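Thanks for coming. I have one structure to go through today, and I will keep to what can be read from its atoms.

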Amino acid sequence: MEKKLLNLLLGLCIFSVPFLFKGKKMRETLVIFFSKGVLATLVDAYVVGTKRVEYPVRPFSRIFKTNLIYDILFFPLLSVIWVKMSYHDKLRNIFLKSLIFSVPMSIAQWYFEKNTRLFKWRKWSIFHTFSSVNFTLFTIRGFVGFIKILDRLKNNRNLNELEG
């Protein structure tokens, strides 16, 4: 059953890619996707390395101790969706929209940990999942905000050079 769930998740991720990677903000979308992939992989490697979480059923289990579908596809795609949803929002709405992702994800992981072999929590809980999901979402959202500021500064500098 676990392999079927992972294949279903992989299929959903692959199916969603063409819809998420379109539009005029392609560069930002790619930055979000790849930076979240790196961040999720680093956090997960730490969590697995300290034996807080284990993935008994995962792709490439002889090579990787983490689950690549989560770290490199699922979490980055969710971050792309979340940043697109919160792109023009103020901090309060960004926080509220983060709950739309972190609460269901925490509950789903808790459910799957209890009822499947996808996760094995050792020194981990639903609150750790909630915190780590929010930490990575806000880290990526802050990174996007920083990129927006750099783009604005670059555009202002280019305007000044054209005028001067």
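Predicted model: local features only at pLDDT ≥ 70, side-chain atom pairs only at ≥ 80, totals over all residues.

Buried residues, meaning those under 20% relative accessible area with a 1.4 Å probe and protein chains only, make up 39% of the 164 residues in the protein chain.

Residues are numbered from 1 along each chain as its sequence is written, and side-chain values use heavy atoms, with hydrogens and water left out.

The protein chain has five helices and two strands, in the order α-α-β-α-α-β-α. Those are DSSP runs numbered from the N terminus: H or I of at least four residues for helices, E of at least two for strands. The C-alpha atoms fill a box of roughly 65 × 30 × 25 Å along the principal axes.

Now the start of the chain. Met-1 sits in the segment before helix H1 (2-20). Beyond its neighbours within four places in sequence, Met-1 is in contact, that is, has heavy atoms within 4.5 Å, with Asn-115 and Thr-116. Its C-alpha atom is 9.0 Å from that of Arg-117, which is 116 residues away along the chain. Met-1 still counts as exposed because its relative accessible area is 61%.

Next, charge pairs. How many salt bridges does a search of the whole structure find? It finds four, a salt bridge being a side-chain nitrogen of Lys or Arg within 4 Å of a carboxyl oxygen of Asp or Glu. One of them joins Arg-122 and Glu-54, with the closest N and O atoms 2.7 Å apart. This pair links distant parts of the chain: Arg-122 is in the loop between strand S2 (120-121) and H5, and Glu-54 is in strand S1 (residues 53-54), 68 residues apart. Arg-122 is partly exposed, at 48% relative accessibility, and so is Glu-54, at 33%.

Another salt bridge pairs Asp-89 with Lys-97 at 2.6 Å, N to O. Asp-89 is partly exposed at 21%, as is Lys-97 at 22%.

In the pair Lys-114 and Glu-113, the N to O distance is 3.7 Å. Which of these two is buried, and which exposed? Glu-113 is buried, because its relative accessible area is 11%, whereas Lys-114 is exposed, at 53%.

Conventions
Buried < 20%, exposed > 50% of the residue type's maximum accessible area, 1.4 Å probe, protein only.
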